[in-house]
Amino acid sequence: MRNRHEATPPGSRAQQGAPSGAAGTSRATGPGRLLIAVYGVFALAATARASFQIATKFGEAPLAYILSAVAAVVYIVATVSLARAGARAYRVSVVAVTIELVGVVAVGLLSVFDAQAFPSETVWSAFGRGYGFVPLILPILGLLWLRRNRPGRPRD
Amino acid sequence: MDPFFLVGTLVCALSAVVCIGAAVLRQPPNDITILSVAAVELFLLAYTVGAVVRQVTGEPVLGEAWEFWGYLLTALLVPVGAFWWSILERTRWSNLVLAAAGLTVFVMLFRMEQIWDGVAGL
């Protein structure tokens, strides 16, 4: 994967960066722009929150705060990869958004059924209740959007 | 109720309604929706000045002061970022991006009020 990327001649890099015309740019258009904007907000919120928790009270609940940091990384990767063109960015966003969905469901279930393990709030606690359940809806919309815009699908 | 919070809520809500309305009418970002987001930014600047004045004149933040300022400085970037992201592609969806700015700033304002009153638990 990495080798292939490094071996890419400079010419095709320039093609990737072309502003329009390439089918790969379609994910950052229309509804996708709103999706990416919301992802950006969550990347910001999760990063700020995780940094604050780890900086001030990591010892209180290490597991929850590590999960906070993982969530932050997932949101950042999802935001950037959704905004970028190309098949590679597409695969990265599918993985990131899937991890996000699994994360919010798993942490949501755990925080409801085993509150002892998650005494502290994270973005994904109780299925993202503290954030209006947007963290639960976002990956579903993300996967639908990715499915609609998968590479090779004819544009209508 | 803090008058700053009340005014901020009104400005954010108005901006969000205007922008969502324009999106429903299938309008790309126009002067009205962009100005409504500018009003949110203007409010935040006024809020910043107000916060400085209030803290200097003996009305301290009861929660973590650096957390409050972290929120405020980040909030100041939100309308700017939304404006930039929305004008790169002028479709009705971009108006929803602008609407999201108002909603996000409102949530952050709510948190800032909690921190100021010392009832925040992050």
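Here is a chat about reading a few features of this predicted model.

Modeller: Some housekeeping to start. Residues are numbered from 1 along each chain as its sequence is written, while chains are lettered from A and ligands numbered from 1 in the order in which they are written. The model is predicted, so local features need pLDDT of at least 70 and side-chain atom pairs count only at pLDDT 80 or more, whereas totals for chains, interfaces and linings use all residues.

Colleague: How many residues does the contact take from chain B and from chain A?

Modeller: Two residues are in contact if their C-beta atoms, placed from the backbone, lie within 7 Å. Here chain B puts in 14 residues and chain A 13 residues. On the chain B side, the elements giving two or more residues are helix H3 (65-87) and helix H4 (92-117); H4(B) gives the most, with 6 residues. Helices are DSSP runs of H or I, at least four residues, and strands are runs of E, at least two, numbered from the N terminus.

Colleague: Which residues have the most contacts inside the largest nonpolar core?

Modeller: A nonpolar core is a set of buried Ala, Val, Leu, Ile, Met, Phe, Trp, Tyr and Cys residues joined through C-beta atoms within 7 Å. Buried means 20 or more other C-beta atoms within 10 Å of a residue's own, exposed means 12 or fewer, and partly exposed is in between. The largest core has 62 residues, and Tyr39(A), Ala100(B) and Val105(B) have the most contacts inside it. H4(B) gives the most to this core, with 14 residues. Beyond its neighbours within four places in sequence, Tyr39(A) touches Tyr75(A), Ala78(A), Thr79(A), Leu82(A) and Leu138(A).

Colleague: And Leu35(A), is that buried or exposed?

Modeller: Leu35(A) sits in helix H3 of chain A, and it counts as buried because 26 other C-beta atoms lie within 10 Å. Setting aside neighbours within four places in sequence, Leu35(A) is in contact with Leu82(A), Leu141(A), Gly142(A) and Trp145(A).

Colleague: What is the phi of Ala126(A), and what about Phe127(A)?

Modeller: Most residues other than glycine have a negative phi. Ala126(A), though not a glycine, has a positive phi of about 50°, and the phi of Phe127(A) is also positive, near 60°.

Colleague: Where is Ala126(A) found, and where does Phe127(A) lie?

Modeller: Ala126(A) is in the loop between H5 and H6 of chain A, and Phe127(A) lies in the loop between H5 and H6 of chain A too. Ala126(A) is partly exposed because 19 other C-beta atoms lie within 10 Å; Phe127(A), with 18 C-beta neighbours inside 10 Å, counts as partly exposed as well.
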